[in-house]
Amino acid sequence: MKMCIGGALASVVLAAWLPPVAQAQGFSVLYSFQGGDDGANPQTVLVRDKAGDLYGTTVRGGHKSQCDSGCGTVFRLAPDGTESVLYAMKTTSGSAFPNGALNLDRRGNLYGGGAAGAVFELGADGKLDVLHDFIDVLDGPYGGLIEGPSGAHYGTIPFGGTQTGGCPYGCGMVYEVTKKGAVNIIYSFGGDQSGAGDGQEPLVAPIMDAAGNLYGTTNEGGTGGCGTVYKIAAGGTETVLHSFGCGSDGAYPGSSLILDSDGDLYGTTEDGGNASCQYGCGTVFELAPDGTFSVLYAFTGSDGALPARNLVRDGKDIYGTTSGGGASSNCYAGCGTVFAIDLHGAEAVLHSFSGSDGSFPFGLLRAPGGMLYGATTEGGTAGDGVIYEVAPFK
């Protein structure tokens, strides 16, 4: 739980905590994608193995003979900066245009989803198997996967599901893929038009607590119309923990959540919050176990805007990225930032992207030593995205 402070004390704490030079945090580009066989435009949260290799996906590049700009790749980046394409997608597979976070199991197998509609497993031997192809939905498992204790994987799809009355193409669902590839729908959202008020369009994978409960966000819907935070009990019962009202509390959450040892949930909204941006610049929020909702930080534009995908944290600070805003004017509405927020709500920009070093970051990985790793969808030497590292706040 955070401790709320205000007035002069808040100003003193903020001034003492903010670094004098935001860019002096040890940022470096590890790899710039060239848009060819090596891949292009990563929209991925990275994963890391014990040897320090980083793994992720690109939505373009790879087999250009199969797609105009390539069908996407699964890649590995070694600690020395060497990039290897583990698999180049093909149009014949629903795993084309992979995005979101991969999951790496103890045997070295990678699990992910393609925007063309499939959940796939890429074995340590380089063989790709499609576990399930959602051929009846408009969009694939966009937000990545998490692994449960039984070895099953869980994810979301923004459309489809069994409830069709609230949305023309279905309001989205949370699903389970077993180790044998069987798919079970854990929950289908009904959307506002059905009267359910349970949300619609879940964009990212849920998280799971020790009891098997799932927690996540929907990008739209709820009683306020601008998204929800939900809980799905182990038996499949869904509860809306918060409905966003499109104003100061935020709007359109598009991130996965983090859960601390006290049961507090943290996440981001893409819009809402501070009115410095036309629709608000986005927020970082906290939701306590008793249902108390609070905005931990509201972005203003120069410090970032449109917080993207996931948050990570250490013992004292929360880290994330914004896909817009920042100090650079080289991109429309800014190139994005990496930020840190303490639990009092004080924010510091660890890095502001300028284009040549990447633009439009897509979330973070925190390594065991505390170093932060991420990918940008664009920017770099060829404009096709980068892999970078940045030191945490000291």
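**Stop 1: Thr58**

Select strand β3, residues 54-58; Thr58 belongs to this strand. Bear in mind throughout that the model is predicted. Is Thr58 buried or exposed? Thr58 has a relative accessible area of 0%, and it counts as buried because that value is under the 20% cut-off.

Next, select the surroundings of Thr58. Leaving aside neighbours within four places in sequence, its contacts include Phe33, Gly39, Ala40, Asn41 and Pro42. Gly72, Thr73, Phe75 and Pro98 are also among them.

**Stop 2: the largest nonpolar core**

Move on to Tyr319, Val338, Leu350, Leu364, Leu372, Tyr388 and Val390, the residues with the most contacts inside the largest nonpolar core, which has 15 residues. Colour β24 (337-342) and β28 (386-390): these are the elements that give two or more residues to this core. Which of them gives the most? β28 does, with three residues.

Now centre on Leu364. Not counting residues up to four places away in sequence, Leu364 touches Val45, Asn310, Val312, Tyr319, Gly320, Thr321, Val338, Leu372, Tyr373 and Tyr388.

**Stop 3: another core**

Finally, select Leu296, Phe299, Ala305 and Ile341. They are among the 13 residues of another core, which lies apart from the largest one.

Note on methods:
Residues numbered from 1 in each chain as written. Predicted model: local features only at pLDDT ≥ 70, side-chain atom pairs only at ≥ 80, totals over all residues. Heavy atoms only, no water. Core = buried A, V, L, I, M, F, W, Y, C linked by side-chain atoms within 4.5 Å. Buried < 20%, exposed > 50% of the residue type's maximum accessible area, 1.4 Å probe, protein only. Helix = DSSP H or I, 4+ residues; strand = E, 2+ residues; numbered from the N terminus. Contact = heavy atoms within 4.5 Å.
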